[in-house]
Amino acid sequence: MSSLIDMAQDHHQPLILQSSPRVPYKDSSECGDEIVPCSLSHDPVSSSPTPADDNQRLVSLDVFRGLTIALMILVDDAGGAFPSINHAPWFGVTLADFVMPFFLFGVGVSISLVFKKLSNKPNATQKVLLRGIKLFLLGLLLQGGYFHGRNHLTYGVDVGKIRWLGVLQRISIAYLLASLSEIWFVKNIRVESPAAFTRKYYTQGLFAILLCSVYMVLLYGLYVPNWAFAASHLNSSGYASKFQAVS
């Protein structure tokens with residue numbers, strides 16, 4: 001009989017194991033009226049630092065783009081009524097003349113950020129060429145002279161009057177040249193001194209000087225026959241008083 005009692009006691013398990021650690025409980029203020037045991041295991045996922053998002057946007061650049069678009073809308077809508085903020089015909093500079101340079105500045109900053117870490121140059125070149133062609137064709141569609149207003153609807157396309165180099169077309173060319181320069185001409189070295197900076201961007205700087213030289217030669221050396229524009233003269237209040245044809 002005593003042996004049976006001893007065997008039964010051996011199979012009994014205590015309600016609280018002495019060797020098991022005590023389970024702490026959360027404070028009732030954290031969980032309301034319910035008492036919840038805390039987890040003893042440390043969660044590595046929740047405690048590990050969140051990795052930086054590669055697609056994180058540069059807020060200052062987005063704000064700059066938004067202000068540039070607002071400026072573009074202002075000069076396009078109010079430039080006809082206030083010539084002082086409209087585009088200068090040729091001589092001088094007005095508020096409207098800063099819109100396109102601001103856009104190009106934003107494009108340049110974006111290019112330097114996108115191609116900062118480049119692994120596949122041919123693939124990046126293919127994407128740049130495709131995007132440049134799309135921008136150029138979009139510029140031909142929107143600014144090529146197909147839309148003449150409600151009172152001047154015409155059918156057919158006059159190739160001699162197409163505006164081949166509108167704003168979007170020129171932005172596409174600038175984007176294409178700057179992107180190719182950033183992809184192929186910038187050397188993959190760390191910049192830790194002025195000499196290292198010069199070695200990194202030496203070829204790209206020469207390419208920029210070459211482009212500026214070609215542009216200046218075309219601007220001042222290319223003869224355009226039968227070219228004229230209407231220059232407005234402003235009065236003291238800033239309104240156009242008369243127009244004069246300049247050739």
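What share of the 247 residues in the protein do buried residues make up? They make up 16%. The model shown here is predicted.

**View 1. Overall fold of the predicted model.**
The protein has eight helices and two strands. Along the sequence, the pattern runs α-α-α-α-α-α-α-α-β-β. Take the contacts between residues at least 6 apart in sequence: 48% of them join residues at least 24 apart.

**View 2. Helix α4 packs against helix α5.**
Helix α4 covers residues 59–78, and helix α5 covers residues 99–114. Angles over 145 degrees count as roughly antiparallel, so α4 and α5 are roughly antiparallel to each other. Their crossing is left-handed. From α4, the contact takes in Leu61, Phe64, Arg65, Thr68, Ile69, Leu71, Met72 and Val75. From α5, Val99, Phe102, Phe103, Phe105, Gly106, Val109 and Ser110 take part. By class, this contact holds eleven nonpolar, three polar and one charged residues.

**View 3. Phe64 at the contact of α4 with α5.**
Phe64 sits in helix α4. It is among the α4 residues that meet α5. Is Phe64 buried or partly exposed? Its relative accessibility is 24%, so Phe64 counts as partly exposed. Setting aside residues up to four places away in sequence, Phe64 touches Phe102, Phe105 and Gly106. Phe102, Phe105 and Gly106 are also listed on the α5 side of the helix contact. Phe64 and Gly106 are separated by 42 residues in sequence. In space, their C-alpha atoms are 7.7 Å apart.

**View 4. Helix α7 crosses helix α8.**
Helix α7 spans residues 167–184, and helix α8 spans residues 194–221. The two axes come within 10 Å and cross at roughly 160°. Helices α7 and α8 are therefore roughly antiparallel to each other. The crossing of α7 past α8 is right-handed. Which residues make the contact? On α7 they are Leu177, Ser181 and Glu182. On α8 they are Gln204, Phe207 and Leu211. These residues divide into three nonpolar, two polar and one charged.

Ser179 is part of helix α7. Is Ser179 buried or exposed? Its relative accessibility is 0%, so Ser179 counts as buried. Neighbours within four places in sequence are left aside here. Ser179 is then in contact with Ile111, Phe115 and Val128.

**View 5. Spans annotated as transmembrane region.**
An unreviewed UniProt entry lists residues 98–116, 128–147, 167–186 and 206–224 under "transmembrane region". Two of these spans are described here. Residues 98–116 are 84% helix and 0% strand. The end C-alpha atoms of that span lie 27 Å apart. Residues 167–186 are 90% helix and 0% strand. There, the end C-alpha atoms are 27 Å apart.

Key: Residues are numbered from 1 along each chain as its sequence is written. This is a predicted model: local features need pLDDT of at least 70, side-chain atom pairs count only at pLDDT 80 or more; totals for chains, interfaces and linings use all residues. Side-chain values use heavy atoms; hydrogens and water are left out. Axes are lines fitted to C-alpha atoms, for helices over the stretch in contact, and angles run from 0 to 180 degrees between N-to-C directions. Helices (H or I, at least four residues) and strands (E, at least two) are DSSP runs, numbered from the N terminus. Angles under 35 degrees count as roughly parallel, over 145 as roughly antiparallel, 65 to 115 as roughly perpendicular and the rest as oblique. A crossing is left-handed if the near helix is turned anticlockwise from the far one by less than a right angle, and right-handed if clockwise. Contact means heavy atoms within 4.5 Å. Ala, Val, Leu, Ile, Met, Phe, Trp, Tyr, Cys and Pro count as nonpolar, Asp, Glu, Lys and Arg as charged, and the others, Gly among them, as polar. UniProt positions are given in the numbering used here, feature names are shortened, and annotations may be inferred rather than shown by experiment. Buried means under 20% relative accessible area, exposed over 50%, partly exposed in between (1.4 Å probe, protein chains only).
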